[in-house]
Amino acid sequence: MASPDLAAALPFGNLARPDNLPDEIALQIRGKILSKAFEPGQRLPTELELSQVFGVSRNVVREAIARLKLSGYIETRRGVGSFVATDAGQQHFALTPQELLRAEALEQVYELRVEIEAGAAALAARHRTEAQLVTLRAALAEVDASTDDWRIGADRALDFHMAVGEATNNPYFVRLLGHFSRVIGDAVRTLRYSSTGTDRMAQIEEEHHRIFDAIAAGDSEAARLAMRRHLERGMARRKALLEEQDKPAR
C-alpha cells in the first residue's frame with residue numbers, strides 16, 4: 001500500500017474499470033499529461049510508486065506504460081525512467097476498441113491495416129536481418145503449434161504480424177502496428193474462434209507461410225501481395241461470419 005504522502009503527491013483517482021487495469025491506468029496518466037499535471041519532459045513516478053498508488057502489480061503498470069509509449073505520450077530511457085513526451089500536448093492518432101463496435105468502423109480500420117501491413121511486409125523483405133528472420137520463423141512455428149487453441153492462436157498470430165513490423169527496422173511501423181494489434185485484438189480472436197476446426201484455419205496458416213517465404217526470399221513485391229491477400233481474405237472471412245450471425249434462426 002502506498003504511504004499517505006506518496007498517495008497525496010500523485011494526482012490519481014480510483015480505478016473505475018478493474019476488469020481492464022492497464023487501459024484504465026493508461027487513461028488516468030494520459031489525462032494528467034493532457035491537463036498539464038505532468039509537463040512535457042517531466043519524469044513520471046517509478047513503476048513501483050505507481051503500483052503502490054494504484055494498488056496493482058508492477059506488471060500491470062508496465063503494460064500501461066507500454067500503451068502510453070505506443071501512443072506517443074511518453075518516452076522511456078533505459079535505466080533512467082519514463083518521461084512525458086515533448087509533444088505530448090498535441091493531438092495523437094489513436095483508435096479505441098469502442099470505436100470498432102460499429103461494423104463500418106471495423107471494416108474501415110481493416111482497410112487501413114491492409115495498406116499499412118502490406119507495405120510493412122515489403123519493407124521487411126528488403127530490410128530484415130538474419131536474426132529477425134529467425135524470430136519470424138519462431139513466431140510462425142508458434143502460430144502453427146496453436147491451431148487447436150483459438151485464444152492462444154490469435155495472440156500468436158498477432159505476434160507474427162508484429163515480428164513482420166519489427167523486421168522493417170522502422171520504429172514508426174513498429175509503433176503503429178503495436179497500436180493496431182492492441183485495438184483489433186478482440187476482432188482477431190473472434191475470427192480465430194470461428195475458424196478453429198474448420199478448413200479456414202488451414203487457409204489462414206498457408207497465408208502466413210506465404211508471407212514468411214516471400215520475406216525470407218527477399219522478394220518485396222511477393223511479400224506485399226501475400227500480406228494484402230491474407231488481410232483482404234481475413235476481411236472477407238469476418239464479413240461472412242457477421243452475415244451468418246445476422247441470419248434469423250430457423
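**Close-up views of a predicted model**

From the N terminus on, the elements of the chain run α-α-α-α-β-β-α-α-α-α-α-α-α. The model is predicted.

View 1. The chain has 250 residues, of which 44% are buried. Among contacts with a separation of 6 or more, 69% join residues 24 or more positions apart.

**View 2. Helix α7 packs with helix α10 at an angle of about 20°.** Two packed helices are described by the angle between their axes and by the distance between those axes. Here α7 covers residues 150-166 and α10 covers residues 199-217, and their axes are 12 Å apart. Angles under 35 degrees count as roughly parallel, and α7 and α10 are therefore roughly parallel to each other. The crossing of α7 and α10 is left-handed.

**View 3. Side by side, residues of α7 and α10 form the contact between the two helices.** On the α7 side the residues are Ala-157, Phe-160, His-161 and Val-164. On the α10 side they are His-208, Ile-211, Phe-212 and Ile-215. By class, six of the residues in the contact of α7 with α10 are nonpolar and two are polar, with no charged residues.

**View 4. Phe-212 is a residue of helix α10 that takes part in the contact with α7.** The relative accessibility of Phe-212 is 7%, under the 20% limit, so Phe-212 counts as buried. Not counting residues up to four places away in sequence, Phe-212 touches Leu-133, Leu-136, Arg-137, Leu-140 and Phe-160. One of these, Phe-160, belongs to α7. Val-164 and Phe-212 are separated by 48 residues in sequence, and their C-alpha atoms are 8.6 Å apart in space.

**View 5. Glu-207, also in helix α10, is a buried residue.** Which residues is Glu-207 in contact with, leaving aside its neighbours within four places in sequence? They are His-230, Arg-233 and Arg-237. The relative accessible area of Glu-207 is 5%, and buried means under 20%, so Glu-207 falls in the buried class.

How values were computed:
Residues numbered from 1 in each chain as written. Predicted model: local features only at pLDDT ≥ 70, side-chain atom pairs only at ≥ 80, totals over all residues. Heavy atoms only, no water. Axes fitted to C-alpha atoms, helices over the stretch in contact; angles between N-to-C directions. Helix = DSSP H or I, 4+ residues; strand = E, 2+ residues; numbered from the N terminus. Parallel < 35°, antiparallel > 145°, perpendicular 65-115°, else oblique. Left-handed = near helix turned anticlockwise from the far one by under 90°. Contact = heavy atoms within 4.5 Å. Nonpolar A, V, L, I, M, F, W, Y, C, P; charged D, E, K, R; others polar. Buried < 20%, exposed > 50% of the residue type's maximum accessible area, 1.4 Å probe, protein only.
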